[in-house]
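Here's a quick briefing to keep beside the viewer. Have a look at the model first, then walk through the points below.

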Amino acid sequence: MKRLFLLAAAVAFVATPAFAQDTITIGFTDSQTGPLNVDSLGQQRGYEYWRDEVNAAGGIKVGDKRYKVKFVSYDDQSVGGRVQQLYTRLVTQDKADFLFSPYSSGLTAPATVISEQYGKIMIDSGGAEEKPFETGNKYLFMVITSASHYLSGAVDALKQKDPNAKLALVYSDDPFSKAVLAAAAQQAKAAGLQIVMNESYSPSTTDFGPVVNKIVSSNADAFLGGGHYSDGATLARQMHDQRANMKWMSILVAPSDDKFAELGPAALGVTVPSQWELQVNYKPQFGPTTAQFAKAFQEKFHAKADYHTASGYTVGVVLQHAIEQAGSIDTDKVAAALNAMDITTFFGRIKFATDANHHGLQVAHQMVLAQWQMINGKLGRQVVWPPEAKSADLLYPIPAATQ
Amino acid sequence: MLLMLRRPFFWIIALAVVAFALAPVVGNDVSMRESLLLDALYITLASNLNLMLGYAGYVNFGSIVFFGLGGYICVWLVNSYNWPLIPSLIVAGLGVSGLALIFGFGILRLRGAFFALATIGVIEAVQAFVENFTPWGGSAGVYLSGEIFKPLGGPAHALWIIYFMMVAVMGLSLYLSFAIKTSKFGLGLLAIGQNEDAAAILGVPTSRYKALVYSVSAFLPAIAGGLYFFKSAFIQPSDAFDLSLSTEALVVGMLGGEGTVTGVAIGAFLYEELRGYLLTSSTFANFQLVVSGALLLLIVLFFPGGLMGFIYSRFPRTQKVLE
């Protein structure tokens, strides 16, 4: 009899939830297939990791209610037309309350047509280009620093170390790299640095021999450029093999991958602009510290957190903070909270532009410059710029190739 | 032309177009509209490619160039010169058709594998040109402002209008395929497809016909490209000249049955619906490429004549009705 009673109680418990559980649905697409699939994964892990953490802590607090976070996501195949189809579905069929961005500027722009049309907030961590923010959107917000500021730190550091440096700008002919280097060229000119070479190469280049010869004969002593992993790594290796003996090397993207250490001596002294590094130590007003984030991530995924993951996680943190500040999940109230936001997270300070011509663009977060140095006899990255965030001194000039 | 009205197939196309236009309107189902829009796009691309591939027997990997260039011209006119959408689309279609005619006289001297390779060359050349062409934004592409949808009554309304226009382009593509197939021009193309030398000896003006069909097959894809990229509010070279979309259009034609109008259209529809379903299905989403790959393999193995080849052999009478 007692057993029967217990059983009935258990059934009753399962059948009628004790607390009506409210959920917030967040929709996004990720590029599981197509050319962006590698880069997209880090961001997706960041999103999912944030969701798990929030739900484990009881959910997002809105007034005296708590909302659990539910994700709906699809594979966009790295194709813009698919993005619009799927975001429409996310909004109309899956009833997403909020949206996260796909990976890359090229996919975020088509998604924005849908999010703006339905008046849904979309937070973006995967596209660093500014153009989508100059088209008068109201509900798009970006947590990362935009492309035109990627190399500002490198230019500042170089100016301080050697105001007479001669720069070679050599970069991949893709939208992102071109935007970054175009801005860097302007900043270098403004800083009084001399540019002796300014050229792009096809993204599919595999042999940089002729390019390196040209750099050497231009008498440059500082190099800024690169593009994606394979071309950046090959360039660094061939610069070393052909003894280009640069005093300064800044390469986009490639050196922020831990695989870059495989280059051995060719990696030494190479700097890379980064949205975030494990050594970055901001005092967060909201969310975890870098140490907590990195440790928990390592335990969960058995991999080191990188900036794609950190920015993906930050998207979640920013939305959570805005919802809690607004005390509501009403889109316009949350958008107002985002417009007013100025907080420091483990990722850095977050504040959005509110003027109509740049609305949603990130204006407070700063890039750091990381450099490959010998740490206890092993190659590793150290944050060297800006001075207030550094974990080691800047190595300048890069020690000449020996042998 | 009036003779076409007496053919049942004319009314079958009309019925399909009306069904496309009405289906999402009935339940105000925008999700369905977005899927059907991609279906209509695939049908347009595959049907026009079929004019080259199915009728004249020329494998054109570069059909996507028409789509991409059309997109660029339209987006450029809308963005830089504030042109309204419809004139931009017409100029895009005519411009790309004209270019294709000039290109066509050049590369259509090649045959077989050489022609196929040359069309890949055309993609690369056009893409390299656009990547370095500053008025079109170079490799960064062009982002359109949300303002462009204002003249069409705001984005929500504009997407409906774009959808109906895309369905119209699809309908025109089907009628074009049908009209050419039943014309003397089409007969000449089929002859070229069978044996080009024999056709030439029998008096078919082969090089003129080939250049003409190349140019005609560029017109509607260019307009579809204009609509598609206007809708995306963004265009960049890697999306506009995506070789994989070209290849998909080829595959779709083979699945449905090259040289038929119905088969290619149904092939395109089923292919895109299948991809869309697999992508969003909770069961298959994680291995959608595996499933679609296996299905394609099975179809090619067991239905080498494509869908229409199978239907024609099972139900020979359908040959009289379904083109």
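Let's start with a pair of strands in chain A: β11 (residues 270–274) and β14(A) run antiparallel and are joined by 4 bridges. Keep in mind that this is a predicted model. For the complex, the predictor reports an ipTM of 0.80 and a pTM of 0.82. Chain B has a mean pLDDT of 88, with 99% of its residues at 70 or more.

**Around strand β14 of chain A**

- β14(A) covers residues 368–375 and is mostly covered, with 6 of its 8 residues buried.
- β14(A) and β15(A) make a hairpin with 2 residues between them. In that turn, A:Asn376 has a positive phi of about 50 degrees.

**The two domains of chain A**

- Chain A is assigned domain 1 (22–145 + 281–351) and domain 2 (149–274 + 368–389).
- Their C-alpha centres sit 30 Å apart.
- Where the two meet, 6 residues of domain 1 are in contact with 7 residues of domain 2.
- The domain 1 side of that contact splits into 2 nonpolar, 1 polar and 3 charged residues.

**Where chains A and B meet**

- Chain B puts 28 residues into the contact, and chain A puts in 27 residues.
- On chain B, the elements giving two or more residues to this side are α3 (30–55), α7 (154–181), α10 (206–232), α13 (261–280) and α14 (288–302).
- α3(B) supplies the largest share of that side, with 5 residues.
- By class, the chain B side has 12 nonpolar, 11 polar and 5 charged residues.

**The nonpolar core**

- The largest nonpolar core has 216 residues. Those with the most contacts inside it are A:Leu99, A:Phe223, B:Val75, B:Met166, B:Ala224 and B:Leu227.
- Domain 1 and domain 2 of chain A each give this core at least three residues.
- Which residues does B:Met166 touch, leaving aside those up to four places away in sequence? They are B:Leu37, B:Ala40, B:Leu41, B:Ala224 and B:Leu227.

Methods
Residues numbered from 1 in each chain as written. Chains lettered and ligands numbered in written order. Predicted model: local features only at pLDDT ≥ 70, side-chain atom pairs only at ≥ 80, totals over all residues. Nonpolar A, V, L, I, M, F, W, Y, C, P; charged D, E, K, R; others polar. Buried ≥ 20, exposed ≤ 12 C-beta atoms within 10 Å, placed from the backbone. Pairing = 2+ DSSP bridges. Core = buried A, V, L, I, M, F, W, Y, C linked by C-beta atoms within 7 Å. Domains from an automatic or database assignment. pLDDT = per-residue confidence, 0-100.
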